[in-house]
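Hello,

Here is the structure I promised to pass on, with my notes below it.

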Amino acid sequence: MATSSSKKRVSRHFSLGRDQTTLDFVDIPIGSDIPVFLDPSRIRAMGTTWSRECESLLQHFFQRLLDLIRRSDRASGLLMLEGLSERNEFHLGFSKGMSQGSGIGSKFALIFWNALNKSKAGKTGLLHDFEDACLFIEGVGPDRISDAVCNILRGPLIRYTQDMCRYYGIPLTKDVDSGPLWNPQSECWENSLVELPATSYGKILLVPKTAVRHKFSYDYQNYYTHYLLPGMQEHEKSLNSALVLVLRDGRKKVTKKSLREKYGVDKLAVANQTIKHPDILTQYKKDVIRTSSPLTHYEFSEIENIDIPRFDRILKNAIDIKPGRKEATSYENAIEALLSAVFFPSLTYPTKQDVIHDGRKRIDITYTNIARDGFFNWLALNYSAANIFVECKNYGEEIANPEVDQLAGRFGPSRGVVGILICRSVKNENLLFERCRDTAKDNRGFIIHLTDEDLKKVVQDYVDSDGKSDYPVLRKKFRSLIM
């Protein structure tokens, strides 16, 4: 049974002064699990450098495994699968009490290999991505796929964990066993000593909260019922098969019940029919990525059984700070917490004092833009906005050309040309706007300025819209720059 201390979350255990709302990673309980899954479809939808590395690693691992299936190299295949052994440092899934893990251990490795080897899906090219096994291989469900994916991506997740620890001030322990790391060059598992956070319950690996879902994107029943069966119905009608019923008005009908009775309902039947209709699977996978959205703040609150986010408090923490250079660092930290909360899930992976130009320039806060809808998605589609840069000025005096030029100097075609300049108040807002518009007219980038009053509106719009990503204040200010 899990104790109260084992359910203590990372944020509280390491006294971060934050909660899930303002953190980039899943705030896991250190000795038990949180019922979410690392979802490969969410990773693919992110479109970042980190996610593309993860995609490549997953693709290489699974294609190597399928090659061994086709060659009937059972010994090598089992060695690969046994590397996906049960571990509990991720703390994701549905374990009761103490974290158990449900990866592919040595016992299940043999079951999984035999199932893959038996299935036509494993030898015909139908299986392309690791999560496809959820649809076609008996005994493989979301929990096992999520744990397996965590293990395959252990290397990128270790680096992500180290970045998060350094960013949020979580202590790292040296010379910790990494666990099995998949090396795509040597095509084998390797171990090394790394720096990781550690507790009395063992080491911890952190996962981006934009990469998890409460319900796995790939669902065998949903695919069979809403994609494959309708396609099979049309196929039967085109053949005018014995399953076709002719209605009084002359229309042809094939019932889903008759298809299930004739072809079966298990995953083997689904695989066999998908082989005949591969375009249906292609469309399903496109739709999954298109509709796979990250969990919202409110969904995390419900899953974790914690209070709903108090954006008013996060805002108050920022605007209550006394203006002046003395409190500049505190203000920057409070603004980052606020923006990380209200710009989620559009902007992720914040870094502070990011160094560019060989250390000659520093950016207060840099976000990675992964927006799939709303204002920041529109920016990315129309301008160079892979990253959004933020400069914080904790003073209530005039923002002059040097401050505007400082932010514009951070822009670059590959980094992005959109930034947000945050200040406490402005005596002559029209003058500041003209300075920002001059920067845009000179093709030096686009700067949106926000004051305390603007931030209040941004937060209120976000709350009133239940977390939608439209950001009317930012959209209006940006349109004024380009008109």
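Helix α11 covers residues 267-276, and its buried residues are Lys-267, Ala-269, Val-270, Ala-271, Gln-273 and Thr-274. What covers these buried residues of α11? The cover includes four other helices: α6 (133-136), α9 (220-239), α10 (256-263) and α12 (278-291). Please keep in mind throughout that this is a predicted model.

Stepping back to the whole protein, you will find 20 helices and 15 strands. The radius of gyration is 26 Å, close to the 23 Å that the globule rule gives for 483 residues, so the protein is as compact as a globular protein of that length. Its C-alpha trace spans about 80 × 65 × 40 Å along the principal axes. Of the 483 residues, 55% are buried. If you count the contacts with a separation of 6 or more, 70% of them come from residues 24 or more positions apart. The accessible surface is about 21800 Å², and carbon and sulfur atoms account for 49% of that. As for charge, there are 68 positive and 61 negative side chains, with the centres of the two sets 3 Å apart.

Now to the strands. β2 (residues 173-177) pairs with β5 in the antiparallel sense, over three bridges. Within this pair, Thr-173 stands opposite Leu-196 of β5.

As you know, most residues other than glycine have a negative phi, and most peptide bonds are trans. Here are the exceptions I noted:

- The peptide bond from Phe-344 to Pro-345 is cis, with omega near 5°. Pro-345 sits in the loop between α15 (328-342) and β11 (347-356).
- Ser-72 is not a glycine, yet its phi is positive, near 60°. This serine lies in the loop between α3 (49-71) and α4 (74-82). Ser-72 is exposed because its relative accessible area is 51%, and the cut-off for exposed is over 50%.
- Tyr-471 also has a positive phi, about 50°, without being a glycine. Its loop runs between α19 (452-464) and α20. Is Tyr-471 buried or exposed? With a relative accessible area of 4%, Tyr-471 is buried, since the limit for that is under 20%.

Thr-49 is in helix α3, and at 63% relative accessibility it counts as exposed. Its C-alpha atom is separated by 20 Å from that of Phe-62, 13 residues apart from Thr-49 along the chain. Arg-479 belongs to helix α20 (residues 472-482). At 44% relative accessibility, Arg-479 counts as partly exposed.

Enjoy exploring it, and do write back with your thoughts.

Best wishes

Methods:
Residues are numbered from 1 along each chain as its sequence is written. Side-chain values use heavy atoms; hydrogens and water are left out. Two strands pair if DSSP finds at least two bridges between them. Helices (H or I, at least four residues) and strands (E, at least two) are DSSP runs, numbered from the N terminus. Buried means under 20% relative accessible area, exposed over 50%, partly exposed in between (1.4 Å probe, protein chains only). The radius of gyration is taken over C-alpha atoms; the globule rule is 2.2 Å times the number of residues to the power 0.38. Contact means heavy atoms within 4.5 Å. Accessible areas come from the Shrake-Rupley method with a 1.4 Å probe; for residues, only the protein chains shown count as cover. Lys and Arg count as positive and Asp and Glu as negative; His and the chain ends are not counted. The place of a charge is taken as NZ of Lys, CZ of Arg, CG of Asp or CD of Glu.
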